[in-house]
Amino acid sequence: GNEPDAGNVAPENLIDDPGFEGNAPRWIAVGNVTLTLTTDNPRSGSSCLHTFDRLQATWEGPGYDLLGVVENVTTYNASVWVRLASSSQLAAWSAK
């Protein structure tokens, strides 16, 4: 029919300022952590998000407010890039 070919559609990034080049407006601290933008060793671009003062390392960290951005009963693909302070640390990602 006249349906678009989903294979030819570039994915849309739903994150405002995904490279942290601005002021990271929708990133929030989940738990009792501190978030700062820094120019210290970014993956790409000139800035990255630094998370520190994590006391509950199993769940505290950065979060992103997607209310009003994503829809219920819809499938989304997501990826994240994380740099850890040491190789003995673990990183986990979840969506709620």
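Residues 24 or more positions apart make up 44% of the contacts in the chain with a separation of 6 or more; a contact means heavy atoms within 4.5 Å. This is a predicted model, where local features need pLDDT of at least 70, side-chain atom pairs count only at pLDDT 80 or more, and totals for chains, interfaces and linings use all residues. Residues are numbered from 1 along each chain as its sequence is written, and side-chain values use heavy atoms, with hydrogens and water left out.

**Exercise 1. State how many helices and strands the chain has, and give their order.**

Step 1. Use the rule: helices (H or I, at least four residues) and strands (E, at least two) are DSSP runs, numbered from the N terminus.
Step 2. The chain has zero helices and four strands.
Step 3. Read from the N terminus, the order is β-β-β-β.

**Exercise 2. Compare the radius of gyration of the chain with that of a compact globule of 96 residues.**

Step 1. The radius is taken over C-alpha atoms, and the globule rule is 2.2 Å times the number of residues to the power 0.38.
Step 2. A compact globule of 96 residues would come out near 12 Å, but the chain has 16 Å.
Step 3. Check burial. Buried means under 20% relative accessible area, exposed over 50%, and partly exposed in between (1.4 Å probe, protein chains only). Of the 96 residues, 10% count as buried.

**Exercise 3. Find the salt bridge and say which parts of the chain it ties together.**

Step 1. Recall the idea: side chains of opposite charge can pair when their charged atoms come close.
Step 2. Apply the cut-off: a side-chain nitrogen of Lys or Arg within 4 Å of a carboxyl oxygen of Asp or Glu.
Step 3. A search of the whole structure gives one salt bridge. Asp65 pairs with Arg26, and their closest N and O atoms are 3.8 Å apart.
Step 4. Asp65 sits in the segment after strand S4 (61-64) and Arg26 in the segment before strand S1 (27-30), so the pair ties together parts that are 39 residues apart in sequence.
Step 5. Classify both ends. Asp65 is partly exposed, because its relative accessibility is 31%. Arg26 has 22%, so Arg26 is partly exposed too.

**Exercise 4. Work out which rings form the aromatic cluster, and describe each pair.**

Step 1. Rings of Phe, Tyr and Trp (its six-membered ring) pair if their centres lie within 6.5 Å; planes under 30 degrees apart count as stacked, over 60 as edge-to-face, and the rest as tilted.
Step 2. The search finds two aromatic pairs. Phe20 and Trp27 are tilted, at 5.4 Å centre to centre and 50 degrees between the planes.
Step 3. Trp27 and Tyr64 are edge-to-face, at 5.0 Å centre to centre and 70 degrees between the planes.
Step 4. Trp27 lies in strand S1 and Tyr64 in strand S4, so this pair ties together parts that are 37 residues apart in sequence.
Step 5. Check accessibility. Phe20 is buried at 14%. Tyr64 is buried at 17%. Trp27 is partly exposed at 23%.
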